[in-house]
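This briefing covers pockets, cavities and selected residues of the structure shown below. It is arranged by topic for quick reference.

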Amino acid sequence: MTQQQHHSVHHHKGIKGFEGLLLFVGIGLCWQVTTTMLPLHDSTLYPSPAVTFKALQDSFPELLKGTLSSFLILIPGYFCAVILGAMWGIVAGTVGWLHRAFDPFAKVVAPVPPTVYIPYAIALMPTFRISAILVVFIGVFWPVFVNTAAGAAAVPLRYRDNAGILGFGRFEYMWRVVFPAVLPNIFAGMSVGLALAFILLTVAELFGANEGLGRFVQYYADYADYPRMVAGILYTGGVTFGSMALLDFVKRRVLFWVR
Amino acid sequence: MSVIKSDAEGYSHRVGNEGEVDTDSSIEFSVENLSFGYDSSLVLKNINLKIARGEFIAVLGPSGCGKTSLLRLLAGLETPVGGKILHRGDVVTGPNITRGVVFQDYSLFPWLNLRDNLVIAINKARKGLSKAERDQIAEEYLDLVGLPGVGFKHPYEISGGMRQRCAIARSLALGSPVLLMDEPFGALDPVNRLRLQDLLLLLSRNNSNRRTIVFVTHDVEEALYLGDRVIVLGSNPGRIIAEIKVPFEGKHFRHDLFQSKEFRELSQQIAALYHEDIERQLEIGSVVGEGEMI
């Protein structure tokens with residue numbers, strides 16, 4: 001009886017997983033069919049899966065090196081922005097006059113697309129890496145700050161009541177109550193910020209990098225080596241997906257209590 | 001029967017065994033001409049009340065009569081618009097750990113397990129304990145309220161009754177001489193409700209150093225069973241319509257008590273007061289309704 005139930009549950013799960021793969025398989029098949037069976041199969045602009053995966057395999061060491069270079073920009077920019085955005089968001093969201101002072105400013109500055117800062121940042125900073133870190137920082141800071149400050153300004157009354165009863169001072173209130181209470185907001189900002197960080201990173205690398213994922217794609221496009229270019233796009237997609245999945249995993253572990 | 005109807009101003013000053021409690025050192029709360037509300041509409045009007053140390057006060061009233069507001073004012077979570085509250089002679093201006101509160105169902109932080117929810121309170125009550133000592137004390141409090149060995153669980157993993165037990169444990173761990181409870185068993189099923197009433201009586205009476213408890217409820221029998229004195233609030237604006245000294249001292253065997261003639265008469269009497277107020281509200285409502293029709 002239980003055995004059977006278990007079996008049916010697994011069966012059901014299997015079907016659901018299968019559904020998720022449908023589009024991948026369908027698009028892959030389309031790709032295969034259109035490149036091998038239609039007359040455009042020898043076009044260099046549209047490499048077949050086999051050619052692309054060969055290119056991916058060949059340039060794997062170079063891609064790994066590019067990933068390292070890109071992450072040396074992404075990680076410092078991203079985590080500095082998350083830490084400062086969350087801290088400042090908690091303070092600005094909790095202290096009334098700071099909130100009133102920062103809210104209008106954030107409303108004006110946060111929506112500016114951070115890509116417009118790239119040329120100036122490159123001109124302003126001594127190295128490309130520092131300018132790219134700065135751009136990623138700006139891009140991630142605002143979504144984290146805005147989300148956190150909004151959450152901190154609207155901490156549920158029940159948490160404030162309990163903090164009062166327990167005799168928390170202002171700092172203790174921020175650290176022990178506001179910070180955990182706004183963790184869902186911080187993670188929401190982090191998700192938006194991470195997607196944005198990858199966009200900013202690759203765009204910045206198109207402008208002026210010597211290595212990195214965006215640079216890889218740009219470089220082989222310049223030399224019309226489209227199999228490698230497509231391989232670079234697929235690889236970058238994979239790295240982005242992997243990073244988002246990792247963030248999602250961490251988020252679920254940290255926010256276990258959110259129902 | 002000591003049902004005391006107060007006058008039109010809602011003014012009533014009688015406390016427990018009169019004469020014994022009128023010296024300052026025996027008074028926990030002194031509420032003087034207290035009013036509370038928003039803009040033009042008053043939630044509470046001219047409340048006068050003295051609460052003795054160690055007394056168990058049940059505040060009874062229909063929903064919307066301001067009994068929760070009264071409790072929040074006593075806790076310092078709200079600011080009065082008129083009058084004042086003195087706690088042991090000092091004006092209440094904000095919440096602090098001398099007045100523990102148990103809310104209906106949100107006293108615990110959901111991101112902390114039960115032990116850590118208590119450890120926060122223990123940290124406030126006693127400084128300089130090691131982590132092991134604090135955990136040990138937390139487990140002892142959980143034991144005391146009938147939650148042995150579940151300190152590692154989180155609030156979302158346990159039932160509403162268990163959460164309220166833990167909330168009571170937290171208030172005890174805080175060491176507050178005053179315990180303010182806002183319909184703490186209102187969201188529980190009948191069996192857990194009775195169990196927790198008994199637990200509360202046990203914890204509040206079997207103690208040489210009795211805590212002062214203010215317990216808000218809309219259940220007449222709960223108020224009579226638990227309270228030394230019952231304050232009945234009427235609504236619109238909230239005011240004290242009666243104070244009843246509960247005459248069943250030391251007679252807390254639920255079954256015998258509930259069967260007794262005295263208990264039934266008293267609860268009927270209070271229910272009648274209650275209904276008078278509700279009917280008055282309905283009348284006001286219907287007059288307004290007719291006026292609108294014309």
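Buried means under 20% relative accessible area, exposed means over 50%, and partly exposed lies in between, with a 1.4 Å probe and protein chains only. At 0% relative accessibility, Leu196(B) therefore counts as buried. This is a predicted model, in which local features need pLDDT of at least 70 and side-chain atom pairs count only at pLDDT 80 or more, while totals for chains, interfaces and linings use all residues; side-chain values use heavy atoms, with hydrogens and water left out. Residues are numbered from 1 along each chain as its sequence is written, and chains are lettered from A and ligands numbered from 1 in the order in which they are written.

**Chain B overall**

- Chain B has 8 helices and 11 strands, where helices (H or I, at least four residues) and strands (E, at least two) are DSSP runs numbered from the N terminus.
- Of its 294 residues, 54% count as buried.
- Among the contacts (heavy atoms within 4.5 Å) in chain B with a separation of 6 or more, 70% are accounted for by residues 24 or more positions apart.
- Chain B exposes about 13,400 Å², of which carbon and sulfur atoms supply 51%; accessible areas come from the Shrake-Rupley method with a 1.4 Å probe, and for residues only the protein chains shown count as cover.

**Pockets**

- On a 1 Å grid over the protein atoms alone, a pocket is an open set of points with protein on both sides within 12 Å along at least five of seven lines, a cavity is a set where a 1.4 Å probe fits but cannot get out, and lining residues have an atom within 4 Å of a point.
- The largest pocket holds about 600 Å³ of space, a volume being the space filled by probe spheres set on the points, which are joined across faces, edges and corners.
- Its lining comprises 25 residues, and Tyr78(A), Phe79(A), Val82(A), Ile83(A) and Met190(A) lie nearest the centre.
- Two or more lining residues come from each of α3 (60-94), α8 (170-208) and α10 (226-254) of chain A, and α3(A) gives the most, with 11 residues.
- By class, this lining has 23 nonpolar, 2 polar and no charged residues; Ala, Val, Leu, Ile, Met, Phe, Trp, Tyr, Cys and Pro count as nonpolar, Asp, Glu, Lys and Arg as charged, and the others, Gly among them, as polar.
- The second largest pocket has a volume of about 390 Å³.
- Of the 18 residues that line the second largest pocket, Arg158(A), Tyr159(A), Trp257(A), Leu108(B) and Pro110(B) are the closest to its centre.
- The lining of the second largest pocket divides into 12 nonpolar, 2 polar and 4 charged residues.

**Cavities**

- There are 2 cavities of 30 Å³ or more, and the largest cavity holds about 40 Å³.
- The largest cavity is lined by Leu172(B), Leu179(B), Leu200(B), Leu203(B), Ser204(B), Arg211(B) and Ile213(B).
- Helix α5 (residues 190-205) of chain B gives the most to this lining, with 3 residues.

**Leu196(B)**

- Leu196(B) lies in helix α5 of chain B.
- Beyond four places in sequence, Leu196(B) touches Gly161(B), Gln164(B), Arg165(B), Ile168(B), Phe185(B) and Leu188(B).
- Leu196(B) and Phe185(B) are 11 residues apart in sequence, with a C-alpha to C-alpha distance of 7.4 Å.
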